[in-house]
Amino acid sequence: MPKENTMNWDVVKGNWKQLKGKFREEWGKVTDDEFEQIAGNKDQLVGKLQEKYGWTRDEAAANADAWANRHYVA
């Protein structure tokens, strides 16, 4: 994983609860309970996106990274 994405995911994980609204706007199929279980963990998010949206692992990871990059909170 490129360093920039790792940094973004560290920030996303640290701000997970604050990002909930933005997350729900993007991926409404993921329930609040599932959101709480993911807790900013990229691997869990990717798996949940695969399950909910029928994407391949690569598609889900690319979508998750794009979302993290858009909502990077420094």
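Q: Before anything else, what does buried mean here?
A: Buried means under 20% relative accessible area. The model is predicted.

Q: OK, so is Trp16 buried or exposed?
A: Trp16 has a relative accessible area of 5%, so Trp16 is buried.

Q: And Trp67, buried or exposed?
A: Trp67 is buried as well, at a relative accessible area of 0%.

Q: How are the rings of Trp16 and Trp67 arranged?
A: Their planes stand at 75 degrees with the centres 6.2 Å apart, so the pair is edge-to-face.

Q: Where do Trp16 and Trp67 lie in the chain?
A: Trp16 is in the loop between helix H1 (3-14) and helix H2 (20-26), while Trp67 is in helix H5 (residues 57-70), so the pair ties together parts 51 residues apart in sequence.

Q: What about Trp27 and Trp67?
A: Those two form a tilted aromatic pair, 5.5 Å centre to centre with 45 degrees between the planes. Trp27 sits in the loop between H2 and helix H3 (32-38), 40 residues from Trp67 in helix H5.

Q: How many aromatic pairs does the structure hold?
A: Nine. Ring pairs join Trp9, Trp16, Phe23, Trp27, Phe35 and Trp67 into a cluster.

Q: Switching to the largest nonpolar core: which residues touch the most other members?
A: Phe23, Leu45 and Trp67, out of 17 residues in that core.

Q: Which helix gives the most to this core?
A: H5, with five residues. H1, H3, helix H4 (42-53) and H5 each supply at least two.

Q: Back to Trp67, what does it touch?
A: Leaving out residues up to four places away in sequence, Trp67 touches Trp9, Val12, Trp16, Leu19, Lys22, Phe23, Glu26 and Trp27.

Methods. Residues are numbered from 1 along each chain as its sequence is written. This is a predicted model: local features need pLDDT of at least 70, side-chain atom pairs count only at pLDDT 80 or more; totals for chains, interfaces and linings use all residues. Side-chain values use heavy atoms; hydrogens and water are left out. Rings of Phe, Tyr and Trp (its six-membered ring) pair if their centres lie within 6.5 Å; planes under 30 degrees apart count as stacked, over 60 as edge-to-face and the rest as tilted. Helices (H or I, at least four residues) and strands (E, at least two) are DSSP runs, numbered from the N terminus. Buried means under 20% relative accessible area, exposed over 50%, partly exposed in between (1.4 Å probe, protein chains only). A nonpolar core is a set of buried Ala, Val, Leu, Ile, Met, Phe, Trp, Tyr and Cys residues joined through side-chain atoms within 4.5 Å. Contact means heavy atoms within 4.5 Å.
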